[in-house]
Amino acid sequence: AICYVDLDNFKPINDMHGHEIGDQLLVSLAERLQDNSRNNDVVARLGGDEFALLLSGLSTESEYAGALDRILASIEQPFYIADHIFFISASIGFTLYPNDNNPPDTLLRHADHAMYHAKTQGGKQHHLFDLQLARISQSEQEIKQDVLIALKEDQFKVYYQPQINLKTGDVIGMEALIRWQHPTRGLLMPDDFLPIIEHTHLINEIGEWITLKTFENIERWQVEGFDFYVGINIAAYHITDTNFINFFAHALTDHPNVAGDKLNLEITESAAINDIDKVTETMKACKTFGVTFSLDDFGIGYSSLIYLRKLPFDVIKIDRSFTRDILTDSEDLAVVSGVITLSKQFKRAVIAEGAETNEQLTKLKSLGCDYAQGYGIAKPMPEEEVSTWMKANHPFKFQ
């Protein structure tokens, strides 16, 4: 076991009693650490009030944890120095070799990381370095670096999934969905990388990239005679960014042939209420450009009528988890029917996601649902296939 020991609140002792008393305390601590170590263990002072221990000869994690429990208990015994009594404690981080099969400097760094975790949990304890968590963290850092490269090298692709008017079959919109053509891992879906970056500035860069790419496509599709809006998913971190409104204002200015109502921004319930006042302010500002908004994945989040009343959404999207079983599950059918009725009461249009069969589309139409999207209409397609699909399927016939 490679262990990193750091005293809790040692600095006040130095400040109140002087460095000479502090040094004597450290000497006494070093002696106590040695007294509680065996002949084949190593005790080292790294600097300040930080020590390292190399414990060996034990067999299991619990045995090493027991040894560290005894060391912590010994540190917490009173120190008598120059007519003063001091009570101190320590935080210890440790890692086990060869489970953590790394060079010595890396092992010590891992023990240091674990020590900081012990300290943030209140100190007076030991903590084992989580090798699996560290691997995940390293993998996430690599993905973040790869995302930066992907943005520069144009590895991202936008796929589009049609949304139809259930009464007329007209294609009224497309949802923009990002894909990553990774050079070594193949085509990655959003869930493979977006959750890792959703709370970083990278999610803003991706959101802006999709928007600008979509503006270019809308201009091209309009020249070809197609007239529909495009829905873009916006992360909570992005919509609360101070530059969000300015970005869309400039983007619309730079693409004068694209009217604001050709853009529909999709926000999940959780994102909307993350900072409801800020989100409401941003939505109202964007709506002055003509931009519309959809409340995405409705039904799986908070689903509060307060948010429906306060937030200026134009469209409610019923989550696919409810749509999928409306023909066989009476409870899901009741939820979908209720949301449709509720949306109309609030004067919102409603889109059902995840419609996979003609029977589901027909059922949604009979329930009074306005729009639908799903594999029963079309799978998400690359931007270069949209024109061909539109020519063959507009208006869409499902009966």
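The structure discussed here is a predicted model. In its secondary structure, the chain carries 16 helices and 17 strands. Its radius of gyration is 30 Å, whereas a compact globule of 399 residues would come out near 21 Å. The box filled by the C-alpha atoms tells the reader about extent along the principal axes, with sides of roughly 90 × 45 × 45 Å. Of the 399 residues in the chain, 48% are buried. Among contacts with a separation of 6 or more, 66% link residues 24 or more positions apart.

Two packed helices are described by the angle between their axes and the distance between the axes. For helix H2, spanning residues 19-35, and helix H3, spanning residues 61-75, the axes come within 10 Å and cross at roughly 145°. The crossing of H2 with H3 is right-handed. On the H2 side the contact is made by Leu29, Arg32 and Leu33, and these meet Ile71, Ser74 and Ile75 of H3.

Most residues other than glycine have a negative phi, and most peptide bonds are trans. Against that background, the peptide bond from Tyr97 to Pro98 is cis, its omega being near 10°. Pro98 belongs to the loop that runs between strand S6 (89-95) and helix H4 (104-120). Another cis peptide bond connects His394 to Pro395, with omega about 0°. Here the proline, Pro395, sits in the segment after helix H16 (386-393).

Positive phi values turn up at two aspartates. Asp83, which is not a glycine, has a phi of about 65°, and its place is the loop between strand S4 (79-81) and strand S5 (84-86). Asp83 counts as exposed because its relative accessible area is 84%, beyond the 50% cut-off. Asp154 likewise shows a positive phi, near 60°, and is found in the loop between helix H5 (131-153) and strand S8 (156-165). With a relative accessibility of 41%, Asp154 is classed as partly exposed.

Tyr4 lies in strand S1, which covers residues 2-8, and is buried because its relative accessibility is 9%, under the 20% limit. Apart from neighbours within four places in sequence, Tyr4 contacts a set of residues including Leu46, Phe51, Ile92, Leu108 and Met115. Glu50 and Asp112 are also among the contacts of Tyr4. Thr95 is 91 residues away from Tyr4 in sequence, while their C-alpha atoms are 9.1 Å apart in space.

Ser343 is part of helix H14, residues 330-345. With 3% relative accessibility, Ser343 is buried. When residues up to four places away in sequence are set aside, Ser343 touches Ile316, Arg348 and Val350.

Methods: Residues numbered from 1 in each chain as written. Predicted model: local features only at pLDDT ≥ 70, side-chain atom pairs only at ≥ 80, totals over all residues. Heavy atoms only, no water. Axes fitted to C-alpha atoms, helices over the stretch in contact; angles between N-to-C directions. Helix = DSSP H or I, 4+ residues; strand = E, 2+ residues; numbered from the N terminus. Left-handed = near helix turned anticlockwise from the far one by under 90°. Contact = heavy atoms within 4.5 Å. Rg over C-alpha atoms; globule rule 2.2 N^0.38 Å. Buried < 20%, exposed > 50% of the residue type's maximum accessible area, 1.4 Å probe, protein only.
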